[in-house]
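Biologist: Before we discuss the packing, may I see the model itself?

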Amino acid sequence: MSRRTTDKSRCAVINLGMMEYQTAYSYQQFLVAARAQDRIPNLLLLVEHHPVYTIGRSGNRRNILVNDEDLANLGVQVYCIDRGGDVTYHGPGQLVGYPIIKLQGETRDLHRLIYLYEEVMIRLVATYGLKAGRLSGFPGAWVGQKKIGAIGIGVSHWVSFHGFALNIAPQMEYFRYIIPCGIRGRGVTCLADELGCLVDYADLVDRLISSFSVVMAADCYQTRIADLGLDDFSWEERGDGRQWKRSRGCRPG
């Protein structure tokens with residue numbers, strides 16, 4: 001059975017830039033309700049967060065290896081949230097995708113949805129000439145024994161939220177303070193470390209949208225939340241325009 005969706009549908013892509021985790025979560029909650037009511041099309045929100053640890057439904061606080069005082073010194077907040085999985089880190093240099101997709105028919109298969117999100121990241125990474133894949137029993141995109149992209153999903157009224165997080169060039173030391181995804185014995189990596197250089201942010205976003213469009217069989221187009229026609233919500237779109245600069249000598253594919 002093909003893992004791709006068979007119905008090509010429109011999907012609006014909204015780049016939120018840098019945004020606090022709680023604000024982005026509130027956006028998702030509102031947009032999930034709007035999508036369930038067919039007031040908006042399927043969406044892909046792209047965002048970076050300030051440093052935060054999130055603990056999923058099957059997670060455990062013990063997988064955060066520092067105490068509350070250390071967390072305060074690190075400037076990291078902790079949220080227990082309604083996605084699958086254990087603890088993970090979000091922060092600058094990591095591109096997070098929150099697909100808000102109405103699941104209908106054959107798409108009501110959460111294992112399949114996770115597979116597709118993995119495929120989006122694997123194909124994106126491949127455009128830089130880097131081979132990533134899957135590890136049986138451990139969702140995500142992996143480069144060898146190191147995870148480069150994490151996945152944690154939630155569903156409400158058969159509308160997906162939460163999603164995937166691809167490590168581009170985050171401060172990797174934040175992963176040392178947790179057991180990422182509760183998985184021992186395996187590491188975490190990022191695109192910059194694997195390539196040995198930084199990549200251009202805008203170009204990476206374009207590649208991600210292209211990969212998402214192909215894998216999800218969606219006709220993606222970029223827009224703004226303000227253009228969704230939701231008059232009953234006060235939106236604040238923020239983006240700091242930050243880019244990962246491409247280093248000399250870098251030759252992404």
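Modeller: This is a predicted model. In it, α3 and α5 are oblique to each other.

Biologist: Why are α3 and α5 called oblique to each other?

Modeller: The two helices pack at an angle of about 135°. Angles over 145 degrees count as roughly antiparallel, and 65 to 115 as roughly perpendicular, with the rest counted as oblique. The pair α3 and α5 is therefore oblique. Their axes lie 9 Å apart, and the crossing in which α3 passes α5 is right-handed.

Biologist: Which residues make the contact of α3 with α5?

Modeller: From α3 come Leu-116, Glu-119, Val-120, Arg-123 and Leu-124, which meet Leu-204, Arg-207, Leu-208, Ser-211, Phe-212, Val-214 and Val-215 of α5. The contact of α3 with α5 divides into 8 nonpolar, 1 polar and 3 charged residues.

Biologist: Which residues touch the most other members of the largest nonpolar core?

Modeller: Phe-164, Phe-212 and Met-216 do so, in a core of 38 residues. Both α3 (110-126) and α5 (201-215) are among the elements that each supply at least two of its residues, as are the strands β1 (9-18) and β10 (159-167). The largest share, 8 residues, comes from α3.

Biologist: What makes a residue count as in contact with Phe-164?

Modeller: Contact requires heavy atoms within 4.5 Å. Leaving aside neighbours within four places in sequence, Phe-164 is in contact with residues including Leu-44, Tyr-117, Val-120, Leu-208 and Phe-212. Apart from this core lies another, of 28 residues, among them Leu-31, Tyr-79, Tyr-98 and Leu-230.

Methods. Residues are numbered from 1 along each chain as its sequence is written. This is a predicted model: local features need pLDDT of at least 70, side-chain atom pairs count only at pLDDT 80 or more; totals for chains, interfaces and linings use all residues. Side-chain values use heavy atoms; hydrogens and water are left out. A nonpolar core is a set of buried Ala, Val, Leu, Ile, Met, Phe, Trp, Tyr and Cys residues joined through side-chain atoms within 4.5 Å. Buried means under 20% relative accessible area, exposed over 50%, partly exposed in between (1.4 Å probe, protein chains only). Helices (H or I, at least four residues) and strands (E, at least two) are DSSP runs, numbered from the N terminus. Axes are lines fitted to C-alpha atoms, for helices over the stretch in contact, and angles run from 0 to 180 degrees between N-to-C directions. Angles under 35 degrees count as roughly parallel, over 145 as roughly antiparallel, 65 to 115 as roughly perpendicular and the rest as oblique. A crossing is left-handed if the near helix is turned anticlockwise from the far one by less than a right angle, and right-handed if clockwise. Ala, Val, Leu, Ile, Met, Phe, Trp, Tyr, Cys and Pro count as nonpolar, Asp, Glu, Lys and Arg as charged, and the others, Gly among them, as polar.
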